[in-house]
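This report describes selected helices, salt bridges and individual residues of one protein model. The sequence and structure are shown first.

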Amino acid sequence: MTTELDPRTLTLLGVEGALEAAAAPRASAETLGGLSAHPDSRVRALVARHPNTPPEVLGTLAAAYPADVLANPGLPLMRLARPGLLGNFPADGVVALLNTPQAPAWVVDAALRHEDYAVRTALAARADLNPERVAALAQDAGWQIREAVARREVLPEPLVRQLAADDDYDVRKAVAGRPDLPGDVLRTLVTDAHGMVRAAVARRLDLPLDCLITLAADGDADVLATLARRVDLPRNVRAWLAGSDDPAVRAATLQAWTVPPEWLTRAEQDADPDVRAALARRPDTPAGTLVRLAADEAEAVRRAVLERHDLPDEAVLALARAPEADIRLHVASAEGLSGAVLDALLQDTDANVRTVLAVRPDLGPARLTTLAADPHAEVRRAVAYAPTTSPETLAALASDPNAGVRRAAARHPALPAPAQEALRNDPDDGVRLALAGRADLSPALRAALAGDPDPSVRAELEVPSAE
């Protein structure tokens, strides 16, 4: 095997030839560069391990083959020749090297100096960093890196305090969620200048009562909405939030684990649809309320009701009459619909809804017969495809004016023999093709189709199985 292969022709090699070329001890850099784009992953892995592979090619392979790159015997010499080797690797490649089990210390050091924030962010998340590296990353110019440090499971208290006073609110927000936050730092963050930080504090399960009361006087709606979802507030504070002028806060109170029953009654009459939608999502909302919300004037409320799987039949019926066609389509494809809902959908003004309805296995022969006379051919064709359509209805569809409907009927297993005979001279080649594909053709009909003028029809005839 020659080692001087034209890279443009390397992908034309068979897999075995490419594997041999990639493993050849004297393979040239040019050959290995060409093989690095080979479609077989085994070939690319061999290139990643070859000592003659150029550094820039290793950089492109590192993301997918980090262990192979690190096992490359030529890597120590490359590092000597290029002290900043990984600085020229793409960020995703360095991150992959960094994430390998027991990544070498030199990779960690290189990641610490890499100019791409993504690399240093990945480094900051490593659990096995020594204190010096963690401290260095806590001073990094990139807020993403400092935020990643703030999220570390174990962090010395001096660094926690340092990051709690960081200039960037994302960093302080990450600190606000730490379980080991000193009490005085927590109370400082309760009055932080940024609402997102205060909202993060408001999510803490262990938030002291005095901090809860302080946050209840906050002027930021996001903070109050976060607080309103809690059930460990003083009763008067919860009641005050439930009556907030901001609908987002009122809606948030309905997302709490438990709420007083009278709040549900009041929420149904709320002027804001977001509050009524939040009510529609509560698992303890009474069935009668769900029926009324299903017919709510606001689309957002109706869609919130649609998300549920425990609706009473009257609510489903209301959704089946919703003005939005996609809501009615969703209902038409749902399981366990009552006869009243099916009858409502049968009269739907949207042909797509009636088409979905036609293929339901629980529709029944009477409703299928109704749809078989639908003015839209798409609906009639769906009836012809439906597995429960009666032979009588199929016979009628076999003479439908639309060829697509007749094609569907011609394929149905329940199509009566007389209707099959009537289709053998159908003017549409597609109808005769569908008929020819049936396994239950009579000998006479099979013989007639064997002489069909269309060669595709003749070729479609199934060969009878030997008995």
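## Helices, contacts and salt bridges

Gln102 has a relative accessibility of 73% and therefore counts as exposed; in this report, buried means under 20% relative accessible area, exposed over 50% and partly exposed in between, with a 1.4 Å probe and protein chains only. The model is a predicted one, in which local features need pLDDT of at least 70 and side-chain atom pairs count only at pLDDT 80 or more, while totals for chains, interfaces and linings use all residues. Residues are numbered from 1 along each chain as its sequence is written, and side-chain values use heavy atoms, with hydrogens and water left out.

Gln102 belongs to the loop between helix H7 (91–98) and helix H8 (105–113). Helices (H or I, at least four residues) and strands (E, at least two) are DSSP runs, numbered from the N terminus. Although Gln102 is not a glycine, its phi is positive, at about 50 degrees. Most residues other than glycine have a negative phi.

Helix H7, on one side of this loop, is largely enclosed by the rest of the structure, because seven of its eight residues are buried. These are Ala91, Gly93, Val94, Val95, Ala96, Leu97 and Leu98. The cover over the buried residues of H7 includes helix H5 (66–70), H8 and helix H9 (117–124); contact means heavy atoms within 4.5 Å.

Two packed helices are described by the angle between their axes and the distance between the axes. For helix H24 (residues 313–320) and helix H26 (residues 339–346), the axes come within 9 Å and cross at roughly 5 degrees. Axes are lines fitted to C-alpha atoms, for helices over the stretch in contact, and angles run from 0 to 180 degrees between N-to-C directions. H24 and H26 are therefore roughly parallel to each other, a label for angles under 35 degrees; angles over 145 count as roughly antiparallel, 65 to 115 as roughly perpendicular and the rest as oblique. On the H24 side the contact involves Asp313, Val316, Leu317 and Ala320, which meet Ala340, Val341, Ala344 and Leu345 in H26. The residues of this contact comprise seven nonpolar, no polar and one charged. Here Ala, Val, Leu, Ile, Met, Phe, Trp, Tyr, Cys and Pro count as nonpolar, Asp, Glu, Lys and Arg as charged, and the others, Gly among them, as polar.

Helix H31 (residues 403–411) has Val405, Arg406, Ala408, Ala409 and Ala410 buried. Its buried residues pack against H29, helix H30 (391–397), helix H32 (417–423) and helix H33 (429–436). At the start of H31, a side-chain oxygen of Asn402 comes to within 2.8 Å of the backbone nitrogen of Gly404.

Arg381 is located in helix H29 (residues 377–385) and touches Gly404, Val405 and Ala408, residues up to four places away in sequence not being counted. With a relative accessible area of 31%, Arg381 is partly exposed. Its side chain makes a polar contact with the side chain of Glu378 (2.8 Å). A polar contact is a pair of N or O atoms within 3.5 Å; within protein, one must be able to donate a hydrogen and the other to accept it, and residues adjacent in sequence count only if both atoms are side-chain atoms.

Across the whole structure, a search finds 37 salt bridges, each a side-chain nitrogen of Lys or Arg within 4 Å of a carboxyl oxygen of Asp or Glu.

| Salt bridge | N to O distance |
|---|---|
| Arg146 and Asp166 | 2.7 Å |
| Asp362 and Arg360 | 2.9 Å |
| Arg438 and Asp440 | 2.9 Å |

In the salt bridge of Arg146 with Asp166, Arg146 lies in helix H11 (residues 143–150) and Asp166 in the loop between helix H12 (157–164) and helix H13 (169–176), so the pair ties together parts that are 20 residues apart in sequence. Both Arg146 and Asp166 are buried. Arg360 is buried at a relative accessible area of 8%, whereas Asp362 is partly exposed at 36%. Likewise, Arg438 is buried at 5%, and Asp440 is partly exposed at 42%. A network of salt bridges links Glu157, Arg161 and Asp184.
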